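Subject: Handing over a structure

Hello,

Here is the structure I promised to pass on to you. Have a look at it first, and then read on for what turned up in it.

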Amino acid sequence: MNNILQHFRELEEYFLEDGPTLEEFIILYGRIVINDFELCDGQGQTYGFGIYLAASIVDHACQATAWVEFQGRELIMRALENIPKKDVNQVKISYIDSSLEEADVRRRKLLENYYFLCDCVRCRDS
């Protein structure tokens with residue numbers, strides 16, 4: 001929370017009276033944190049974060065139907081199986097390392113980082 005307050009104070013100095021309230025800032029900050037994508041190089045090392053509006057609408061599933069990769073700052077989403085054309089509701093990516101075998105571990109990570117309890121088929125079947 002201290003980090004959020006520090007960012008808010010810095011913005012407050014910049015915007016003076018034209019900036020968001022603390023409550024508005026926390027809402028916006030939360031949306032960014034939950035919807036950002038970690039940018040990684042070929043070795044899996046993080047070098048930044050980005051917001052990709054189209055990709056941010058894709059829901060999570062521990063048994064994903066697509067995955068995300070980056071070429072520089074460009075996000076590319078690739079299907080892992082045949083998905084009917086233009087049916088974004090069937091496109092699912094894993095927000096976490098889905099190789100974790102235990103459903104309770106995956107669910108805890110999702111709850112801690114994305115604030116929801118996973119109810120995908122893989123979690124329900126475990």
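A word on terms before the tour: helices (H or I, at least four residues) and strands (E, at least two) are taken as DSSP runs and numbered from the N terminus. Please also keep in mind that this is a predicted model.

**The overall picture**

By that definition, the chain contains 4 helices and 6 strands. The C-alpha atoms fill a box of roughly 50 × 30 × 30 Å along the principal axes.

Of the 126 residues in the chain, 25% are buried. The accessible surface amounts to about 9,400 Å², and carbon and sulfur atoms account for 51% of that. Looking at contacts between residues at least 6 apart in sequence, 37% of them join residues at least 24 apart. As for charge, there are 13 positive and 22 negative side chains, and the centres of these two sets lie 8 Å apart.

**A nonpolar patch**

Next, please find Ile-32, Ile-51 and Leu-53, which form a nonpolar patch on the surface. Together these three residues have about 310 Å² of accessible area. Leu-53 sits in the loop between strand 2 (46-51) and strand 3 (59-60). Is Leu-53 buried or exposed? Its relative accessibility is 67%, so Leu-53 counts as exposed, given that the cut-off for exposed is over 50%.

**Salt bridges**

The count of salt bridges comes to 6. One of interest is between the side chains of Asp-59 and Lys-92, at 3.8 Å from N to O. Asp-59 belongs to strand 3 and Lys-92 to strand 6 (residues 92-93), so this pair ties together parts that are 33 residues apart in sequence. Both partners fall in the middle class of accessibility: Asp-59 is partly exposed at 44%, and Lys-92 is partly exposed at 23%.

Another salt bridge joins the side chains of Asp-119 and Arg-107, at 3.9 Å from N to O. This pair links distant parts of the chain, with Asp-119 in the loop between helix 3 (103-114) and helix 4 (121-125) and Arg-107 in helix 3, 12 residues apart. Arg-107 is partly exposed, with a relative accessibility of 25%.

Asp-119 also meets Arg-124 in a salt bridge, at 3.8 Å from N to O. Which residues end up in one network here? Salt bridges that share partners join Arg-107, Asp-119 and Arg-124. Arg-124, for its part, is partly exposed at 47% relative accessible area.

**A buried cysteine**

Finally, do look at Cys-118, which is found in the loop between helix 3 and helix 4. With a relative accessible area of 2%, Cys-118 is buried, because buried means under 20%. Which residues does Cys-118 touch, leaving out those up to four places away in sequence? They are His-60, Cys-62, Arg-107, Leu-110 and Cys-123. Cys-118 and Ile-96 are 22 residues apart in sequence, and their C-alpha atoms are 11 Å apart in space.

I hope you enjoy exploring it.

Best wishes

Key. Residues are numbered from 1 along each chain as its sequence is written. This is a predicted model: local features need pLDDT of at least 70, side-chain atom pairs count only at pLDDT 80 or more; totals for chains, interfaces and linings use all residues. Side-chain values use heavy atoms; hydrogens and water are left out. Buried means under 20% relative accessible area, exposed over 50%, partly exposed in between (1.4 Å probe, protein chains only). Contact means heavy atoms within 4.5 Å. Accessible areas come from the Shrake-Rupley method with a 1.4 Å probe; for residues, only the protein chains shown count as cover. Lys and Arg count as positive and Asp and Glu as negative; His and the chain ends are not counted. The place of a charge is taken as NZ of Lys, CZ of Arg, CG of Asp or CD of Glu. Patches are made of residues with over 30% relative accessible area and no salt bridge: like charges are joined within 9 Å, nonpolar side chains (Val, Leu, Ile, Met, Phe, Trp, Tyr) within 5 Å. A salt bridge is a side-chain nitrogen of Lys or Arg within 4 Å of a carboxyl oxygen of Asp or Glu.
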